[in-house]
Amino acid sequence: MSDKNRSQWDLGRFIETLTYFEVIPLLNWVQQLIPGWSKENQDKPKGGKNVGVILVAGATGGVGKRVVRRLVERGYKVRSLVRNMEKARSILGDDVDLVLADITKPETLTPVVMANIQAVVCCTAVRVQPIEGDTADRAKYYQGVKFYQPEIVGDTPENVEYQGVKNLVQAAAKYLPQAHEKLIFDFTKPSAELKNTWGAVDDVVMGGVSSSNIQLLENTAVFAGNVSTANSGGFASVRTKNFDPPFDLSGYEGVELRVKGDGQRYKVFLRTDTKWDGVGYSYSFDTVDNTWINVRVPFADLTPVFRAKVVQDCPPIETSKVSSFQLMLSKFEYDGALNPKFSAGGFALQVESIKAYGGETLPQFVLVSSAGVTRPGRPGINLDEEPPAVKLNDQLGGILTWKLKGEDSLRESGLPYTIIRPCALTEEAGGKSLIFDQGDNIRGKISREDVAELCVQALQQSKACNVTLEVKEGENSINSINWYQLFSLLQPDQ
């Protein structure tokens, strides 16, 4: 083809693409010097584990604030459910996502509060303080009940420990994903982060003139544009920047896309190679015109390709380090074969979500309860040997009795759960060995720091699913815990 018959290639778009994906660092450095350049383009995706939200209820309490801190430090998206914004800011800081709600008022557990959650950690509790009052920093309370005559202030144990927990469980059940799934992208909830994650990679990078983009609308993303075969081109695509850390999809069978297309055949790519022009693992799928469908992409069926050529003897995809995703409409299939459903011109593919499927079940609701909840009224109990909360259960409005009913509401919900019953809570530094038990018989103490760590770890352990455990600290300080081994000692609830 002579030069006069070629379509005009867009150098500006070519440079824009390379800059967006930071292919040539010098281009990015130069662009930062341009007045009006947006720093938004500097932001990188924060990592695979950050897609879903961990909702923490009771986030300003002694355990809850520590759970929030640990989750944030490890890169999770955290949403803190609080009743007083000003107080919560003073405790949790300005960088934590806060939502105003009250678990005792189910009407406040709105879709905005519950949106995009992947798990819940519930650390709520009634307020207990000395009858004679306490200091502003609750110094007497943190000494432990055995040092003072306690009373309940504010709402009742029935409302908080039972009805409130039940409200939260019922609300969570409506919004949590299937237990064996991992949400990767939820385009029904558009955000600045999603917008800054995806960018166009069209055949302009090979000299072509096709163009596309991805738009985030109210309930969907739309990958759309125009594909031209001019200049030997013929593809348009959108791709994510590299995630750091990558998505760990080990243990899952594949990914599932919820899409509505135009009858053409598209491709999805997963990449573990962070290089711009590296191997991608591809899967072709057909769409049904103007119809929503679910497309399952088994990892075992992915084809390793480099520039539309199959890479022979390439190892299977390493699912523990998926660093980027790409959607493409191409004239070609693989190794020069043509896409039988390709049509040049305008196209549109709507995408509602991308998620991993077929994974192991992990806890989705972690409830911090209390050791001793089954002991009030138990035959053979020697109250002189029991913790103060057991002795004072009736005086404190049946606090342990209502905690047990709150536990039962979670067990009956069908959600994968972990119920943690700590012994007497302390303000000590933590870092001790932990002793697990079941049957509600142990006595002892444990740092709130260690309980918070236990909550975070439970979210990652399949062996923690549908178990109720009591926990106290051991005598020795330790540097690390084999959490899988520790949870493996437990028996699921019957």
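This report walks through one predicted protein model, from its overall build down to single side chains.

**Ground rules**

Because the model is predicted, local features need pLDDT of at least 70 and side-chain atom pairs count only at pLDDT 80 or more, while totals for chains, interfaces and linings use all residues. Residues are numbered from 1 along each chain as its sequence is written, and side-chain values use heavy atoms, with hydrogens and water left out.

**The whole protein**

Let's start with the big picture. Along its principal axes, the C-alpha trace spans about 95 × 50 × 45 Å. The secondary structure comes to 12 helices and 25 strands. Here helices (H or I, at least four residues) and strands (E, at least two) are DSSP runs, numbered from the N terminus. Of the 494 residues, 49% count as buried. Buried means under 20% relative accessible area, exposed means over 50%, and partly exposed is in between (1.4 Å probe, protein chains only).

The UniProt record (an unreviewed entry) places a feature called "domain: NAD(P)-binding" at residues 58-133 and 354-461. Residues 58-133 are 29% helix and 26% strand, with the end C-alpha atoms 22 Å apart. For residues 354-461, the figures are 26% helix and 24% strand, and the end C-alpha atoms are 23 Å apart.

**Salt bridges**

How many salt bridges does the structure hold? There are 31 of them. A salt bridge is a side-chain nitrogen of Lys or Arg within 4 Å of a carboxyl oxygen of Asp or Glu.

| Salt bridge | N to O distance |
|---|---|
| Arg70 and Glu449 | 2.8 Å |
| Arg448 and Glu427 | 3.0 Å |
| Lys445 and Glu428 | 3.0 Å |

Take the Arg70 and Glu449 pair, which bridges side chain to side chain at 2.8 Å. Its partners come from distant parts of the chain: Arg70 is in helix H3 (residues 64-73) and Glu449 is in helix H11 (residues 448-458), 379 residues apart. Are these two buried or exposed? Arg70 counts as buried, at 13% relative accessibility, and Glu449 is buried too, at 15%.

Next comes the bridge between Arg448 and Glu427. Arg448 belongs to helix H11, while Glu427 sits in the loop between strand E22 (424-426) and strand E23 (432-437), 21 residues apart. Arg448 is buried, with a relative accessible area of 4%, whereas Glu427 is partly exposed at 35%.

Then there is Lys445, whose side chain meets that of Glu428. Lys445 lies in strand E24 (residues 445-447) and Glu428 in the loop between E22 and E23, so this bridge ties together parts that are 17 residues apart in sequence. Both ends are partly exposed: Lys445 has 37% relative accessibility and Glu428 has 35%.

Some of these bridges share partners. That joins Arg66, Arg69, Arg70, Glu73, Arg74, Glu427, Arg448, Glu449 and Glu453 into one network.

A disulfide is a pair of cysteine sulfur atoms within 2.5 Å. By this rule the count comes to zero. Cys122 is in no disulfide, and its nearest cysteine sulfur, that of Cys123, is 6.8 Å away.

**Around helix H4**

Asn84 caps the N-terminal end of helix H4 (residues 85-92), with a side-chain oxygen 3.1 Å from the backbone nitrogen of Glu86. Just after H4, Gly93 takes a positive phi of about 90 degrees.

**Two more spots**

Trp9, Leu11 and Ile15 make a nonpolar surface patch of about 250 Å². To join such a patch, residues need over 30% relative accessible area and no salt bridge, with nonpolar side chains (Val, Leu, Ile, Met, Phe, Trp, Tyr) joined within 5 Å and like charges within 9 Å. Ile15 is found in helix H1 (residues 11-20) and is partly exposed, at 35% relative accessible area.

Finally, Val310 lies in strand E17 (residues 309-310) and is partly exposed, at 27% relative accessibility. The C-alpha atoms of Val310 and Glu181 are separated by 30 Å, and the two residues are 129 residues apart along the chain.

Conventions:
Areas by Shrake-Rupley, 256 points an atom, 1.4 Å probe, with all protein chains shown as cover. UniProt positions renumbered as here; feature names shortened; annotations may be inferred. Polar contact = N/O pair within 3.5 Å; in protein donor to acceptor, adjacent residues only side chain to side chain.
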